[in-house]
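Hi everyone, thanks for coming.

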Amino acid sequence: MFSLTVNSPKSLSLSTPFLPSHPHPIPTITHKPNLSPRPILALIIPPSGQRNQQYSTAPPQQQQLYQPFRPPPSPLPPKFRNLDTNSKLEVLANRLGLWYEYAPLIPSLTSEGFTPSTLEEITGITGVEQNRLVVAAQVRETLVECGLDEETLSFFESGGAELLYEIRLLSGKQRTDAASFIVRNGFDMKQAQDLARSMKDFPRRRIDYGWDKFTGDSPGDCLAFWFFRLAQEHAAAAAEDSRVEAMEKALEVVETESARNVLVEVLEGKGVDKESVIDDQVKVPLVRMKLGEVAESTKVVVLPVCKAEKREFEVEAAPWECGGVGEFGVVEAEKDWRRWVVLPGWQPIAGLERGGVAVSFKSGKLLPWKEKRKYKEEPVLVVADRGRKEVVVDDGFYLVLSGGNGSGDEGLKVERGLNLKEMGVEMSLGMVLLVVRPPRWEDEDQQIDED
């Protein structure tokens with residue numbers, strides 16, 4: 001408890017020859033001090049009436065035109081609906097109730113003018129924890145709407161906000177499946193995070209070896225495929241112990257029999273090796289980059305980039321080899337080059353150590369397959385292996401001069417091996433391993449509307 005003493009101001013009296021005399025006397029301003037104590041909440045945020053009066057008297061040119069979007073607060077539980085502001089703050093400060101019950105109080109107070117920093121000072125709940133509670137409560141609400149059983153929901157009553165927050169990026173059905181899987185396996189926050197990432201990442205891995213043997217509707221299969229890919233990356237780095245550990249984790253969580261058979265075969269050394277996977281590709285993988293995909297990859301591939309309009313000159317002059325050197329893995333190439341690209345370590349290019357090159361095309365018109373017009377106008381990157389120039393695979397695709405026989409002047413193009421053989425072309429600039437489209441913002445459904 002503290003008190004404020006306010007002294008009454010004295011009347012102002014000025015006497016100086018430099019100021020002209022005023023025909024009217026200066027009025028004396030006197031007032032009585034307000035000695036009644038005010039609550040501390042009133043010192044932090046003024047009453048709504050004063051705030052409205054303050055905003056109404058502000059000049060139009062000083063008003064803030066842009067206001068950040070604030071979603072409507074979630075419905076409050078019945079026992080919290082008639083609370084005033086002080087009571088809501090008391091509930092949050094003392095954690096009165098279950099976390100998903102008092103979590104909706106945070107957006108309710110935010111709509112009244114409280115900022116996250118102010119709430120942190122009053123209640124002790126940090127801004128990060130406030131966000132986690134609000135989002136986790138919304139996730140739990142979707143689980144209730146999807147009909148998740150009460151026994152599974154009760155698992156998240158104590159400390160469940162950290163777990164439910166990690167599955168926020170999934171759809172409603174995926175959230176239900178993931179929540180049930182988390183409860184059955186007793187996952188912690190890190191394991192729940194890996195599960196959500198694997199379920200979100202699984203549809204993007206269609207070109208990877210063994211993908212068709214795993215089921216996307218199964219959380220265990222998605223997580224097992226995540227560990228399976230991690231094991232392949234460890235194998236490429238000659239880390240045998242890490243590879244076996246990742247494979248064992250995959251076998252612990254896999255759910256379908258077809259996926260389990262693939263894991264057992266690879267673990268016992270009966271799987272298809274990396275080189276034959278590339279040779280057996282009948283169709284060139286065509287993938288679209290996702291925003292942030294390179295940052296999430298545990299292994300990346302660095303390739304020199306050439307322009308298609310420069311014809312074969314840049315392709316032949318580009319560096320053949322680059323790699324990490326030293327303790328920090330500093331990338332060094334055998335010669336200087338101006339343009340480089342970093343791609344995730346996808347299966348077709350994960351083992352590409354020498355001769356890899358990425359050719360940038362201004363559009364996909366020179367690709368030998370039919371596509372929609374909007375896709376034809378997009379720029380693409382064609383990744384080719386210059387160490388495999390001989391045209392031997394009929395169903396394979398090769399990088400050649402436009403026209404195939406070198407008579408064109410448009411630059412480079414991609415042509416099917418059978419067509420090149422019919423034209424008598426035996427050598428190319430390299431075998432095409434992958435075609436990459438650029439990322440698009442409208443395709444990124446990283447968050448759903450309610451988040």
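Predicted model: local features only at pLDDT ≥ 70, side-chain atom pairs only at ≥ 80, totals over all residues.

Residues are numbered from 1 along each chain as its sequence is written, and side-chain values use heavy atoms, with hydrogens and water left out.

Okay, the overall picture. The protein has 451 residues, and 39% of them count as buried. You'll find 20 helices and 10 strands in it; those are DSSP runs numbered from the N terminus, H or I with at least four residues for helices, E with at least two for strands.

What about contacts, meaning heavy atoms within 4.5 Å? Take the contacts between residues at least 6 apart in sequence: 67% of them join residues at least 24 apart.

Thr 176 sits in helix α10, residues 172-185, and counts as buried because its relative accessible area is 14%. Setting aside neighbours within four places in sequence, Thr 176 touches Leu 143, Cys 146 and Leu 148. Then there's Arg 243, in helix α13, residues 240-253. Arg 243 has a relative accessible area of 13%, so it is buried too. Which residues is Arg 243 in contact with, leaving aside its neighbours within four places in sequence? They are Ala 231, His 234, Ala 235, Val 266 and Leu 267.

On to salt bridges. The rule is a side-chain nitrogen of Lys or Arg within 4 Å of a carboxyl oxygen of Asp or Glu. That gives a count of 12.

One of them pairs Glu 112 with Lys 88, at 3.2 Å from N to O. This pair links distant parts of the chain, 24 residues apart: Glu 112 is in the loop between α5 (105-111) and α6 (116-123), and Lys 88 is in helix α3. Is Lys 88 buried or exposed? Its relative accessibility is 7%, so Lys 88 counts as buried, while Glu 112 is partly exposed at 25%.

Next, Arg 184 and Glu 255, whose closest N and O atoms are 3.2 Å apart. They also link distant parts of the chain, 71 residues apart, with Arg 184 in helix α10 and Glu 255 in the loop between α13 and α14 (257-267). Arg 184 is exposed at 55% relative accessible area, and Glu 255 is partly exposed at 38%.

Elsewhere, salt bridges that share partners tie Asp 201, Arg 205 and Arg 229 into one network.

Arg 311 lies in helix α17, residues 311-317, and is buried because its relative accessibility is 19%. Its backbone is worth a look as well: most residues other than glycine have a negative phi. Arg 311, though not a glycine, has a positive phi of about 60 degrees. Arg 95 does something like that too, with a positive phi of about 50 degrees. You'll see Arg 95 in the loop between α3 (85-94) and α4 (99-102), partly exposed at 32%.

Last stop: the charged patches. Patches are made of residues with over 30% relative accessible area and no salt bridge, with like charges joined within 9 Å and nonpolar side chains (Val, Leu, Ile, Met, Phe, Trp, Tyr) within 5 Å. Lys and Arg count as positive, Asp and Glu as negative, and His and the chain ends are not counted. The place of a charge is NZ of Lys, CZ of Arg, CG of Asp or CD of Glu.

On the surface, Asp 149, Glu 150, Glu 151 and Glu 157 make a patch of negative charge. Glu 150 is in helix α8, residues 150-154, and is exposed at 61%. Lys 307, Lys 310, Arg 338, Arg 339 and Lys 362 form a patch of positive charge. Lys 362 is in the loop between β6 (356-361) and α19 (373-376), exposed at 67%.

Technical notes:
Areas by Shrake-Rupley, 256 points an atom, 1.4 Å probe, with all protein chains shown as cover. Buried < 20%, exposed > 50% of the residue type's maximum accessible area, 1.4 Å probe, protein only. Contact = heavy atoms within 4.5 Å.
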